[in-house]
Amino acid sequence: QVQALGSRARVILGNHDIHLLGVAAGIRKQGKLDTLNDILRSPDAQQWLDWLRQWPLAHYEHGILMVHAGVLPQWSLQQTLQYSAEAQAMLSGDDYIEHLKTLFGSTPNRWKNTLSGAERLRVIINAFTRMRVCNADGSMDFEFKGELADVPSGLLPWFRMPHRKTDRQAIAFGHWSALGLHYENNTICLDTGCVWGQELTAYHYPSGEVISVPATL
């Protein structure tokens, strides 16, 4: 498991990890397709959860930024790492369950520097873990989950947003399984549908080598 790799591995949290923390805390209900029971029923469950919630939502190393879903167009690299650190501090704190109670939801869906408290953290975590497409004003739309060719009029993938402050920054992301392996505007999507029985894909930076293995279900 990844935990056994110690300092050789860096983890960034995604929507399923946040959901797991919510379920374990009794705040969220499991969905019909969830496969969390092996974790939740394990005698090591709390130790795993405490390890998981220490990790950030964004990680920058060797010139590449890693996030689960995306980066809001309004954020620079420095801001991205700052906001990740804010969320990490909350999740790793002793009172994280109290924060989790106010964390889930899709509003507000637009970043403002004046946001504070639960609303600020909710936007930060939703951007990092749930975002795929945005409206022209930079607000996030959480409804669309389809293929790139089917993005509705009026919406743009986050990596196509004009004036995106990280447009020159190499970014690796996932989450958007319908996108598959996709390169565009200095970003690479690595979600190749492993959870749906397709492939698990790794990317070697900076060589560009891609390694994919079939899912085992």
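Axes are taken here as lines fitted to C-alpha atoms, for helices over the stretch in contact, with angles running from 0 to 180 degrees between N-to-C directions. In this predicted model, the axes of helix 4 (residues 77-92) and helix 6 (residues 117-130) approach to within 10 Å and cross at roughly 115°. Angles of 65 to 115 degrees count as roughly perpendicular, and helix 4 and helix 6 are therefore placed in that class. The crossing of the two helices is left-handed. Helix 4 contributes Thr80, Gln82, Tyr83, Ser84, Glu86, Ala87 and Met90 to the contact, and helix 6 contributes Arg120, Leu121, Ile124, Ile125 and Phe128. Seven of the contact residues are nonpolar, three are polar and two are charged.

Aromatic pairs number 11 in the structure. In one of them, the ring centres of Trp75 and Phe128 lie 5.3 Å apart with the planes at 55°, so the pair is tilted. Trp75 is located in the loop between strand 2 (64-67) and helix 4, whereas Phe128 belongs to helix 6; the pair thus links distant parts of the chain, 53 residues apart. Trp75 is buried, at 0% relative accessible area, and Phe128 is likewise buried, at 0%.

A further tilted pair is formed by Phe159 and Phe173, with ring centres 5.8 Å apart and planes at 40°. Phe159 is found in the loop between strand 5 (155-157) and strand 6 (170-173), and Phe173 in strand 6, so the pair ties together parts 14 residues apart in sequence. Phe159 counts as buried at 1% relative accessibility, and Phe173 is buried at 3% relative accessible area. Phe159 and Phe173 belong to one aromatic cluster with Phe144, Trp158 and Trp176.

Definitions and conventions:
Residues numbered from 1 in each chain as written. Predicted model: local features only at pLDDT ≥ 70, side-chain atom pairs only at ≥ 80, totals over all residues. Heavy atoms only, no water. Helix = DSSP H or I, 4+ residues; strand = E, 2+ residues; numbered from the N terminus. Parallel < 35°, antiparallel > 145°, perpendicular 65-115°, else oblique. Left-handed = near helix turned anticlockwise from the far one by under 90°. Contact = heavy atoms within 4.5 Å. Nonpolar A, V, L, I, M, F, W, Y, C, P; charged D, E, K, R; others polar. Phe/Tyr/Trp six-rings, centres within 6.5 Å; stacked < 30°, edge-to-face > 60°. Buried < 20%, exposed > 50% of the residue type's maximum accessible area, 1.4 Å probe, protein only.
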